[in-house]
Amino acid sequence: MPETPHQDVAALSFEAALAELDTIVKKLEGGQAKLEDAIADYERGAALRRHCEAKLAEAEQKVQAIVAGPDGSATGLRELG
């Protein structure tokens with residue numbers, strides 16, 4: 001079965017997806033790939049980017065829930081920054 005740009009992206013951890021995305025960016029920046037390969041890499045990279053953004057949003061929601069506590073009030077954790 002031929003590989004598709006979205007194949008197995010959902011199964012990747014954030015770290016694995018980010019590492020693969022970094023590899024793709026470096027490859028595309030090198031500019032030595034054939035046009036067809038560069039387009040496929042770009043499509044894969046776009047899918048990886050969306051996956052990473054979704055994982056980050058999920059993590060942010062979890063942190064906000066922890067900070068808010070079970071009753072929605074602050075749990076005593078001070079804001080960072």
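Buried here means under 20% relative accessible area, exposed over 50% and partly exposed in between, with a 1.4 Å probe and protein chains only.

1. **What we are looking at.** This is a predicted model, in which local features need pLDDT of at least 70 and side-chain atom pairs count only at pLDDT 80 or more, while totals for chains, interfaces and linings use all residues. Residues are numbered from 1 along each chain as its sequence is written, and side-chain values use heavy atoms, leaving out hydrogens and water.

2. **Overall make-up.** The chain holds two helices and zero strands; helices (H or I, at least four residues) and strands (E, at least two) are DSSP runs, numbered from the N terminus. Of its 81 residues, 19% are buried. The accessible surface is about 6500 Å², with 58% of that belonging to carbon and sulfur atoms; these areas come from the Shrake-Rupley method with a 1.4 Å probe, and for residues only the protein chains shown count as cover. Taking contacts (heavy atoms within 4.5 Å) between residues at least 6 apart in sequence, 67% join residues at least 24 apart.

3. **Helix α1.** After the helix comes G31, with a positive phi near 70 degrees.

4. **Helix α2.** Spanning residues 35–68, α2 has 34 residues and reaches 49 Å from its first C-alpha to its last, close to the expected 50 Å. Its buried residues include A38, G45, A46 and H51, and the buried residues of α2 pack against α1 (14–30). Just after α2, G69 takes a positive phi of about 80 degrees.

5. Which residues make up the largest nonpolar core? There are eight in all: V9, L12, A17, L21, I24, A47, L48 and C52. At least two residues of this core come from each of α1 and α2. A nonpolar core is a set of buried Ala, Val, Leu, Ile, Met, Phe, Trp, Tyr and Cys residues joined through side-chain atoms within 4.5 Å. Leaving aside residues up to four places away in sequence, L21 touches G45, L48 and R49.

6. R44 sits in helix α2 and is buried, with a relative accessible area of 7%. Its side chain is joined to that of D8 by a polar contact of 3.1 Å; such a contact is a pair of N or O atoms within 3.5 Å, where within protein one must be able to donate a hydrogen and the other to accept it, and residues adjacent in sequence count only if both atoms are side-chain atoms. D41, also placed in α2, counts as buried at 13% relative accessibility. Not counting residues up to four places away in sequence, D41 touches I24, K27 and L28.

7. **The segment before α1.** A10 belongs to this segment and is exposed, with a relative accessible area of 68%. A10 and C52 are 42 residues apart along the chain, and their C-alpha atoms are separated by 9.7 Å.

Technical notes. The expected span of a helix is 1.5 Å times one less than its number of residues.
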